[in-house]
Amino acid sequence: MKMMLSCEEACRKIASDEYAEAGRWERLQIRFHLWLCGDCRGYARQLRELGTSVRQLAHDTQPQASDIERLESDILAGLSSPDSGSDDLRRVPRP
Amino acid sequence: MPSSYSGELSPSVKSAARKHRSDSFGDAAFVERLRAGDEQATRAVVTTYLPQIVRTARGAGFSPSQADDVAQATFVTFLEVVSRFEGRSHVRTFLFGILYRKIAEARRGLGRDRRADAIDEVMEDRFAPDGQWLKAPRPIDLRVHDAEVRQKIGECLESVPVAQKMAFLLREVEELETAEICKILEVSRTNLGVLLYRARNRLRECLESQGVRG
């Protein structure tokens with residue numbers, strides 16, 4: 001067992017979410033590396049912020065409740081009336 | 001070690017550990033109602049997951065109207081096959097699995113995930129043979145309130161192949177657990193790690209190359 005991970009190893013474990021699944025020893029190794037290495041610390045922070053930013057963007061551009069309702073009723077339309085099965089949603093309208 | 005390091009790495013993983021909002025959807029009785037075509041149960045599923053499905057389709061690079069179509073197609077397929085749903089996975093897992101296949105179908109040929117990926121070489125070139133940084137990461141612009149930055153993030157996301165993008169979105173935006181994402185994408189944990197590694201680095205590299213203004 002070695003105490004020091006290389007930067008490449010540390011970054012791989014962080015970017016692939018291995019950190020999250022790691023045991024105590026491996027976590028300690030990664031955290032120890034980050035404690036010593038500013039570049040890797042910066043890299044880890046960028047990845048974390050990247051996730052936060054994309055999450056925020058996705059929530060900001062969330063479809064309007066009214067759009068969702070319309071879509072929902074389109075989808076559910078096939079359910080309520082027994083005459084029109086869910087197949088109707090797929091049927092291409094004839095000209 | 002400064003205490004601020006704890007939790008610095010993966011807040012999304014922590015929140016992924018949150019329990020499903022719709023725990024009752026996993027009940028055998030609920031699954032049975034779904035399979036039988038019970039309207040109320042079906043409505044509950046559509047109402048609960050439609051926003052997430054649309055959001056993920058948009059995140060995958062579809063325009064709002066395309067994303068609506070993809071979401072609708074996902075639920076149509078869901079309604080068609082739900083009678084065969086055995087409830088061995090959560091209904092959300094089942095639904096996202098359908099969505100993933102719809103997205104992959106629509107995007108076929110645009111970016112299949114190959115075994116070797118150009119991003120791997122880009123990353124190798126960043127490190128010396130002993131694993132130390134050769135080219136340390138430069139700053140990236142993530143000021144999401146800036147319209148130009150928002151657009152760049154969107155463009156960079158667009159350049160990520162489908163499976164990688166889905167892995168990234170399900171982890172970071174939908175905050176699903178590892179095991180569930182593996183089921184949705186039908187990949188092993190190791191494989192999911194590779195997808196996330198590539199997605200994150202591809203995005204980071206793309207944004208780094210854009211630089212930071214002002």
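I count helices (H or I, at least four residues) and strands (E, at least two) as DSSP runs, numbered from the N terminus. With that rule I read along chain B and noted the pattern α-α-α-α-α-α-α-α-α-α, that is, 10 helices and 0 strands.

**Entry 1, conventions.** I am working from a predicted model, in which local features need pLDDT of at least 70 and side-chain atom pairs count only at pLDDT 80 or more, while totals for chains, interfaces and linings use all residues. Residues are numbered from 1 along each chain as its sequence is written, and chains are lettered from A and ligands numbered from 1 in the order in which they are written.

I looked up chain A next and found 5 helices and 0 strands, running α-α-α-α-α from the N terminus on. For burial I call a residue buried if 20 or more other C-beta atoms lie within 10 Å of its own, exposed if 12 or fewer, and partly exposed in between, with C-beta atoms placed from the backbone. Buried residues make up 34% of the 95 residues in chain A and 37% of the 214 residues in chain B. Among contacts between residues at least 6 apart in sequence, 48% in chain A join residues at least 24 apart, and for chain B the figure is 68%.

The expected span of a helix is 1.5 Å times one less than its number of residues. For H4(A), residues 38–60, the 23 residues should span 33 Å, and the end C-alpha atoms are 32 Å apart, which agrees. I listed the buried residues of H4(A), among them Cys40(A), Tyr43(A), Leu47(A), Leu50(A), Val54(A) and Arg55(A). H10(B), residues 189–210, has 22 residues and reaches 32 Å from its first C-alpha to its last, close to the 32 Å expected. Just after H10(B), I noted that Gly211(B) takes a positive phi of about 75°.

I fitted axes as lines to C-alpha atoms, for helices over the stretch in contact, with angles running from 0 to 180 degrees between N-to-C directions. The axes of H5(B), residues 91–106, and H9(B), residues 178–185, come within 8 Å and cross at roughly 45°. That makes H5(B) oblique to H9(B), since angles under 35 degrees count as roughly parallel, over 145 as roughly antiparallel, 65 to 115 as roughly perpendicular and the rest as oblique. From H5(B) the contact draws on Thr93(B), Phe96(B), Gly97(B) and Tyr100(B), and from H9(B) on Glu180(B), Lys183(B), Ile184(B) and Leu185(B).

H8(B), residues 162–172, packs with H9(B) at an angle of about 150°, with the axes 10 Å apart. That makes H8(B) roughly antiparallel to H9(B). Here Ala163(B), Met166(B), Ala167(B), Leu170(B) and Arg171(B) of H8(B) meet Ile181(B), Ile184(B) and Leu185(B) of H9(B).

How many residues of chain B are in contact with chain A? I found 51, in contact with 48 residues of chain A. The elements giving two or more residues to this side of chain B are H1 (11–16), H3 (39–59), H4 (64–81), H7 (147–158) and H10 of chain B, and H3(B) gives the most, with 11 residues.

Methods
Two residues are in contact if their C-beta atoms, placed from the backbone, lie within 7 Å.
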